[in-house]
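This briefing is meant for a reader who is meeting the structure for the first time. Please look over the sequence and the model before reading on.

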Amino acid sequence: MSAASTDDVNATEAGPLGPARRRRARAGWPWFAGGDGSVLATVPSETSFFAGLGMWVAGMAVVSGFGMTVAASQWWSTSIVHVLWVLPLWAVLYCLIERLVLKSFGTSTTGNLVIAIPRLLLSLAIALVIGLPMAQVIYSGSINDELSKTRTARIHEATNQITRLYDAKIAAAQNEIAAAQHQGASLQRQVTNSKFLSQCEAGETSCSQTHKLGCGPYCKRDARQAAAAAAALKKARPLLAATIAADQRKIGVWRAAEAGQIANRVAAIKADRDFLARQAALVRVERASPAVRKYVEFFLAFLIAIDLVALVLKLTHLFSTGGAYERSAAALRKTDLVEVHRLEERAAVLTRRITLEARAEEEADELRIRGELTRNPEPDEPRPSRPAVPWSERGLSAPPADA
């Protein structure tokens with residue numbers, strides 16, 4: 001067969017969808033639905049379905065991106081404007097995931113159902129990730145009211161806890177101060193009473209125990225007691241003053257620490273409005289109002305259903321029409337496999353040919369060397385004998401010229 005005829009056969013085998021034509025094909029909207037322009041060219045009836053499905057996937061990517069943006073604003077407790085970059089990023093990622101899933105469907109019913117399972121799980125995860133933050137936005141009023149109640153209760157509890165801790169320390173210090181003051185006052189009263197009795201014994205008959213004037217034994221005894229009490233008071237006064245001053249400093253430090261900790265704790269409680277706190281508040285709202293819980297569950301189910309529209313339409317179309325696109329794609333893959341098989345067989349032929357040529361050259365060199373040894377034999381060394389190799393086993397198409 002000539003080269004021209006071979007090219008004609010190859011062109012005929014390639015048909016209207018040769019490699020060049022398949023490279024030039026463009027899918028457009030069907031690309032988002034996993035469609036390939038070269039395959040759709042063989043089944044034009046599938047183009048409208050894939051175009052509509054691709055439009056739906058692109059629209060859902062934008063909607064899902066907006067939902068993810070709202071969710072991000074709730075996660076990070078910031079404005080939606082600050083996380084708008086999430087929208088295009090998630091939209092592109094959503095399109096790639098949906099295209100990969102839709103493109104993976106084939107002609108096997110079991111295989112298609114297996115592919116649908118992870119997509120269903122992904123839809124459930126997306127609904128939880130997007131739905132819960134959006135539910136918090138919907139019920140933001142009830143959530144804020146619940147957070148206010150909880151915040152007030154937490155502030156009271158934290159304040160009472162901190163106050164109890166420092167009140168015990170302050171009460172102990174105040175008791176030490178009272179004990180020191182009582183000890184000083186007791187010594188002072190002892191000094192005053194002893195002096196008064198001594199003076200009465202010396203100069204006042206009305207209060208003298210002996211009813212005699214002059215400083216007698218009782219006067220001297222009371223004077224000694226007054227002096228001893230004054231000495232004890234003088235000795236204890238610095239220690240008592242130091243104790244009182246130290247306890248007063250401690251009380252001041254503790255009161256300042258108490259006020260600071262209460263302020264910090266109150267500020268932390270007021271700032272606790274993150275995603276988990278709002279979700280906990282939503283759970284409490286759901287417990288208080290079963291209707292809210294039912295609506296949240298319905299909203300999550302709605303998100304799952306709307307996210308699975310493309311998957312359900314794809315499976316329904318496959319089961320109802322027999323999957324013309326998938327069968328055409330499978331046929332084109334088989335055609336590609338034919339070309340791959342041709343290349344593999346051609347490589348095997350070339351490998352075998354090179355091996356046979358190498359063996360033929362080796363045999364020819366061996367025969368030439370033997371001929372030279374025959375013309376110049378060595379008298380002392382016997383020439384080894386070797387059986388002749390038939391020319392058919394040497395890989396030659398005809399006997400060599402010297403045969």
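This is a predicted model: local features need pLDDT of at least 70, side-chain atom pairs count only at pLDDT 80 or more; totals for chains, interfaces and linings use all residues.

Against which helices do the buried residues of helix 10 pack? They pack against helix 4, helix 5 (86-103), helix 6, helix 9 (275-288) and helix 11 (309-321).

**The chain as a whole**
- The secondary structure of the protein chain comes to 12 helices and zero strands, so that, read along the sequence, the pattern is α-α-α-α-α-α-α-α-α-α-α-α.
- The protein chain has 403 residues, of which buried residues make up 30%.
- When contacts between residues at least 6 apart in sequence are considered, 72% of them join residues at least 24 apart.

**Helix 10**
- Helix 10 covers residues 290-307, and its 18 residues reach 26 Å from the first C-alpha to the last, which is close to the 26 Å expected at 1.5 Å a residue.
- The buried residues in this helix are V292, V296, F299, L300, L303, I304 and D307.
- Seen down the axis of helix 10, these buried residues fall within an arc of 135 degrees, and therefore they line one face of the helix.
- On the face of helix 10 turned away from the buried side are the exposed residues P290, A291, K294 and F298.

**Helix 4 and helix 6**
- Two packed helices are described by the angle between their axes and the distance between the axes.
- For helix 4 (residues 47-75) and helix 6 (residues 109-138), the axes come within 8 Å and cross at roughly 65 degrees, and the crossing is left-handed.
- Helix 4 contributes S64, G67, M68, V70, A71, Q74 and W75 to the contact, while helix 6 contributes I126, V129, I130, P133, M134, Q136 and V137.
- Sorted by kind, the residues of this contact comprise 10 nonpolar, four polar and no charged.

**Two serines**
- S79 lies in the loop between helix 4 and helix 5, and it counts as partly exposed because its relative accessibility is 35%.
- Although S79 and T69 are 10 residues apart in sequence, their C-alpha atoms are 9.8 Å apart in space.
- S328 lies in helix 12 (residues 324-375), and it counts as buried because its relative accessibility is 13%, where buried means under 20%.
- Leaving aside neighbours within four places in sequence, S328 is in contact with V39, T42 and V43.

Terms used: Residues are numbered from 1 along each chain as its sequence is written. Side-chain values use heavy atoms; hydrogens and water are left out. Axes are lines fitted to C-alpha atoms, for helices over the stretch in contact, and angles run from 0 to 180 degrees between N-to-C directions. Helices (H or I, at least four residues) and strands (E, at least two) are DSSP runs, numbered from the N terminus. A crossing is left-handed if the near helix is turned anticlockwise from the far one by less than a right angle, and right-handed if clockwise. Contact means heavy atoms within 4.5 Å. Ala, Val, Leu, Ile, Met, Phe, Trp, Tyr, Cys and Pro count as nonpolar, Asp, Glu, Lys and Arg as charged, and the others, Gly among them, as polar. Buried means under 20% relative accessible area, exposed over 50%, partly exposed in between (1.4 Å probe, protein chains only). The expected span of a helix is 1.5 Å times one less than its number of residues. The arc is that of the directions from the helix axis to the C-beta atoms.
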